Amino acid sequence: MLQIEDLSVKVGDKEILKDIHLYIEKGESHVLFGPNGAGKSTLLNTILGNPKYEVVRGNIYFKGKDITDMPMHERAQLGIGISYQSPPAISGVRLETMINAISKRSDEEMEEMAKRLNIRHFYQRDLNVGFSGGEVKRSELLQIFAQNPDLVMFDEPDSGVDVENVELLGGIINHLLDKDRKPSERNKSGLIITHLGYILNFMEVDKAHVLLDGVIACSGTPDEILNEIIKNGYQRCVSCCQKKSCNK
Ligand SMILES: Nc1ncnc2c1ncn2[C@@H]1O[C@H](COP(=O)(O)OP(=O)(O)OP(=O)(O)O)[C@@H](O)[C@H]1O
């Protein structure tokens, strides 16, 4: 589904991502860990095609197509979606208006998901204006459900969310990524950034990567990587990275 080859990315004068290789198969979800400022959001924004991020080397392929120079709206049409960490509040645009503008789902499907996310009563409110942290995340997930993209990226879906809502959101992300279907029937792929990994208790993820200083330092199963980070911080990834000379 997504293939990233030898990708290096600059923001302004600064090279943030270096020599990234990442392959996400159809039906797979990957999680991205890394300390603050490592470049995780930069990677998501680059996949999305945000023009602020300049690809200086390498290529991004989506569904077999080279999208490296493709504008953002065409990538969205092709099936790439994102749930932002801190989406903007938009006065004058109601949640319902946004949903109607972007939805590829039936009214019945939208009603059901809005109820499941407990956000139906927010339809007449301006988008994210005065929403709490958890309400913003629920509204983001409803918009992602409406768009129905094939590759969904989640930038810290659990930040600022209480324990009960993390469980709710984890279950819905699982559903959005087809994890409630048999492996052979899964068509969606995901890339999720999380700092604490608590949401992973409620969703299924196939692989994990650690991004350090713009480089993928280690990859493995989500459990082994997360346990290592909880036990020793990012220290082992740093030594692993030094052995591979990946920070040169
Ligand atoms: N517009 C910009 N101009 C200069 N530097 C930038 C710009 N945007 C991001 N950066 C820098 O790029 C680096 C990576 O930022 P990024 O937001 O991708 O990190 P992150 O891993 O997502 O961090 P966090 O976990 O704190 O959200 C940081 O050092 C940041 O200051």
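I172 lies in helix α6, residues 163-176; helices here are DSSP runs of H or I of at least four residues, numbered from the N terminus. This is a predicted model, where local features need pLDDT of at least 70, side-chain atom pairs count only at pLDDT 80 or more, and totals for chains, interfaces and linings use all residues. Residues are numbered from 1 along each chain as its sequence is written, and side-chain values use heavy atoms, leaving out hydrogens and water.

Is I172 buried or exposed? Its relative accessible area is 0%, so I172 is buried (under 20% relative accessible area, with a 1.4 Å probe, protein chains only). Leaving aside neighbours within four places in sequence, I172 contacts M113, R116, L117 and L141, contact meaning heavy atoms within 4.5 Å. F202 is 30 residues from I172 in sequence, and their C-alpha atoms are 9.3 Å apart.

Now the helix pair. Helix α4 (residues 107-116) packs against helix α5 (residues 133-147) at about 160 degrees, with the axes 10 Å apart. Axes are lines fitted to C-alpha atoms over the stretch in contact, and angles run from 0 to 180 degrees between N-to-C directions. The two are therefore roughly antiparallel, the word for angles over 145 degrees. On the α4 side, E109, M110, M113 and A114 meet L142, F145 and A146 of α5.

Last, the core. The largest nonpolar core has 43 residues, and L117 and L142 are among those touching the most other members. Such a core is a set of buried Ala, Val, Leu, Ile, Met, Phe, Trp, Tyr and Cys residues joined through side-chain atoms within 4.5 Å. Its largest share, six residues, comes from α5.

Methods: Parallel < 35°, antiparallel > 145°, perpendicular 65-115°, else oblique. Buried < 20%, exposed > 50% of the residue type's maximum accessible area, 1.4 Å probe, protein only.
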